[in-house]
Amino acid sequence: MREEGWQAYLACVEELLRAPQVQAMREIRHHPGVSCYEHSVFVSYTAFRLAEKWGADSRSAARAGLLHDLYLYDPKSLPSYKQCFAHPVAALRNAAQLCGELTAAEADGILCHMWPMARHIPRCREAAAVCLADKLCATAEVLQIWRRSALRVKCVHFM
Ligand SMILES: [Fe+2]
Ligand SMILES: [Fe+2]
């Protein structure tokens with residue numbers, strides 16, 4: 001992982017990373033051994049890099065990736081089929097409260113990240129980057145690839 005790539009990424013999200021609501025995701029378990037915060041940074045950085053490659057707005061992709069799972073409740077409080085549809089809506093509401101204003105690409109990226117399980121289809125490349133990054137990162141987390149990544153070290157020790 002190149003340091004200049006990490007710095008370019010941080011320039012897009014550093015303020016959000018320091019927000020108490022984003023840091024609160026450290027306390028929410030996502031996959032075994034992976035917090036919602038770690039997953040969100042992983043998705044955010046991956047979406048940022050995908051958007052760069054696709055010539056899309058990498059800042060919106062990074063920010064939507066970081067906020068896509070900002071639902072801020074215990075996911076076990078809902079049956080999994082309800083959680084699948086409810087959590088992007090909760091994340092969008094919390095993200096709008098945190099940021100005041102979201103770009104259309106950021107809102108789309110948050111709301112549509114569960115496609116095709118949920119019915120909202122990504123309508124821009126930034127949202128497609130978040131949606132694809134979410135699947136790639138979830139797979140890497142389940143396969144334990146994330147545990148050994150340099151990004152995890154930077155992410156866990158940020159702040
Ligand atoms: Fe999600
Ligand atoms: Fe996710």
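At what angle do helix H4 and helix H6 pack, and how far apart are their axes? I started my notebook with that one, keeping in mind that this is a predicted model.

**Entry 1: the H4 and H6 pair.** I looked up H4 (residues 58-67) and H6 (residues 104-111) and found an angle of about 35 degrees, with the axes 8 Å apart. The crossing is right-handed. I then listed who makes the contact: Ser60, Ala61, Arg63, Ala64, Gly65 and Leu67 come from H4, while H6 brings Ala105, Glu106, Gly109 and Ile110. Sorted by class, I get five nonpolar, three polar and two charged residues.

**Entry 2: is H4 buried or exposed?** Nine of its 10 residues are buried, so H4 is largely enclosed by the rest of the structure. I jotted down the buried ones: Ser58, Ser60, Ala61, Ala62, Arg63, Ala64, Gly65, Leu66 and Leu67. As for what surrounds them, they pack against H1 (3-17), H2 (20-23), H3 (36-53), H5 (80-99), H6 and H7 (125-142).

**Entry 3: the core.** Next I checked the largest nonpolar core, which has 41 residues. Ala47, Ala61, Ala129 and Val130 have the most contacts inside it. H1, H3, H4, H5, H6 and H7 each supply at least two residues of this core, and H3 gives the most, with 10.

**Entry 4: Val130.** Which residues does Val130 touch, leaving out those up to four places away in sequence? I found Val43, Ala47, Ala61, Ala64, Gly65, His68, Gly109 and His113.

How values were computed. Residues are numbered from 1 along each chain as its sequence is written. Chains are lettered from A and ligands numbered from 1 in the order in which they are written. This is a predicted model: local features need pLDDT of at least 70, side-chain atom pairs count only at pLDDT 80 or more; totals for chains, interfaces and linings use all residues. Axes are lines fitted to C-alpha atoms, for helices over the stretch in contact, and angles run from 0 to 180 degrees between N-to-C directions. Helices (H or I, at least four residues) and strands (E, at least two) are DSSP runs, numbered from the N terminus. A crossing is left-handed if the near helix is turned anticlockwise from the far one by less than a right angle, and right-handed if clockwise. Two residues are in contact if their C-beta atoms, placed from the backbone, lie within 7 Å. Ala, Val, Leu, Ile, Met, Phe, Trp, Tyr, Cys and Pro count as nonpolar, Asp, Glu, Lys and Arg as charged, and the others, Gly among them, as polar. A residue is buried if 20 or more other C-beta atoms lie within 10 Å of its own, exposed if 12 or fewer, and partly exposed in between; C-beta atoms are placed from the backbone. A nonpolar core is a set of buried Ala, Val, Leu, Ile, Met, Phe, Trp, Tyr and Cys residues joined through C-beta atoms within 7 Å.
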